Amino acid sequence: MYEKVQPAASGLLMANDGQGIYWEESGSPEGIPLVYLHGGPGGGLGTRGYVTKADPSRFRIIGLDQRGCGKSVPLAVDPKHDLAANTTARMIADLEELREHFGIQRWVINGVSWGSTLAIACAQAHPERVLGVVAMAVTTTSRWEVDWITETVGAIYPEEWELFVGHAEQAVPGYHRGQSRLVETYRQLIRHPDLEVRDAASHAWARWEDAHIAIGTGGIHRDPRWEDKDFRHNFVTLVTHYWANDGFCDPPLLDRIDRLTDIPAVLIHGRLDVSGPLRTAWELHQRWPGSRLVIDEGEGHGGFSMVEAWRQANDDIASRLPR
């Protein structure tokens, strides 16, 4: 990986609806513009590991905390945040405002997990602004994918899913497994007026998050970010908000791939990613003429060799583009 360079600049972009979007810029001011889209929704930039995947001497690297999370304000759990206005279309508008703020004409988009959904949606909305896409742990946040990750994959982790669905049944007497969507039930629980109800739901969701990405990692490991109650509540609020609405992608992203015909892309996915099966990346690749699919046989929802493929993909793009 490349050095984790410190931001040369950072700030808060006030979007046209009054929401503040945190951004940071690293690398070469004269380099190829690259924007990184984090996972979640609601994961934030975290420890800034994304900057090590692009050569700082060749790229102008821009990261942002998507609206409602990280250092962006107000957070999704803040009463001042208009959660109903937090949609994929609005996030795309945020990216356009950010691009114009920096005076960038076209950029490379990197996206991981949920960030790959946002990257594809952004490229479809503004293909003329995109030099290329690198997506790792590829998702399109379709209804099939959301139902898989919240319900179907419970066949692989039945003991953990029983705890996950069992909490919903105890907390919501009218909920019955198989009769309504589990993600919608958790969306309601995390917005319940009782703090104790919200907190219990956030713990149950966080435990399931750790479980369904555990295959190939030697067991279930608790994400240390869950110790921060504010982060946990905010994350679960955003994830359930987006997942219960199929990522606010209507029509589904796979139905609009014709808009990406002329855009080169590298799609990186782990064969062992049971929470996000390879099927999505495969179908996307089949419909996207300019895409290259990298299948990592030994990894799941991320891992060192997948990250290495991510870095290499950016190097390849840099080699093909004029400085």
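## Basis of the model

Helices (H or I, at least four residues) and strands (E, at least two) are DSSP runs, numbered from the N terminus. This is a predicted model, in which local features need pLDDT of at least 70, side-chain atom pairs count only at pLDDT 80 or more, and totals for chains, interfaces and linings use all residues. Residues are numbered from 1 along each chain as its sequence is written, and side-chain values use heavy atoms, with hydrogens and water left out.

## The loop between E3 and E4

Arg48 is found in the loop between E3 and E4. Its phi is near 70°, a positive value in a residue other than glycine. Arg48 is buried, at a relative accessible area of 10%; buried means under 20% relative accessible area, exposed over 50%, and partly exposed in between (1.4 Å probe, protein chains only). Pro41 also has its place in the loop between E3 and E4, and a cis peptide bond with omega of about 0° joins Gly40 to Pro41.

Ala54 lies in the loop between strand E3 (32–37) and strand E4 (59–64). With 1% relative accessibility, Ala54 counts as buried. Leaving aside neighbours within four places in sequence, Ala54 is in contact (heavy atoms within 4.5 Å) with Tyr2, Leu34, Phe59, Ile61 and Asn314. Ser116 is 62 residues from Ala54 along the chain, and the C-alpha atoms of the two are separated by 17 Å.

## Other backbone features

A cis peptide bond also runs from Val73 to Pro74, with omega near -15°. Pro74 lies in the loop between E4 and helix H1 (88–102).

Asp246 has a phi near 50°, a positive value in a residue other than glycine. Asp246 is found in the loop between H7 and strand E7 (265–270).

## Packing of H6 and H7

Helix H6 (residues 195–212) packs with helix H7 (residues 229–243) at an angle of about 75°, and their axes are 9 Å apart. That makes H6 roughly perpendicular to H7. Axes are lines fitted to C-alpha atoms, for helices over the stretch in contact, and angles run from 0 to 180 degrees between N-to-C directions. Angles under 35 degrees count as roughly parallel, over 145 as roughly antiparallel, 65 to 115 as roughly perpendicular and the rest as oblique.

On the H6 side, the residues making the contact include Leu195, Arg198, Trp205 and Glu209. On the H7 side, they include Lys229, Phe235, Val239 and Trp243. By class, the contact of H6 with H7 has 7 nonpolar, 4 polar and 5 charged residues. Here Ala, Val, Leu, Ile, Met, Phe, Trp, Tyr, Cys and Pro count as nonpolar, Asp, Glu, Lys and Arg as charged, and the others, Gly among them, as polar.

## Aromatic rings

The structure holds 14 aromatic pairs. Trp226 and Phe231 form a tilted one, 6.0 Å centre to centre with 40° between the planes. Rings of Phe, Tyr and Trp (its six-membered ring) pair if their centres lie within 6.5 Å; planes under 30 degrees apart count as stacked, over 60 as edge-to-face and the rest as tilted. Trp226 is buried at a relative accessible area of 1%, and Phe231 is buried at 19%. One aromatic cluster is formed by Phe164, Tyr186, Trp205, Trp208 and Trp243.

Arg225 lies over the face of Trp226, at 5.9 Å from the ring centre. Arg279 lies over the face of Trp144, at 3.9 Å from the ring centre. A charge sits over a ring if NZ of Lys or CZ of Arg is within 6 Å of the ring centre and within 35 degrees of the ring normal.
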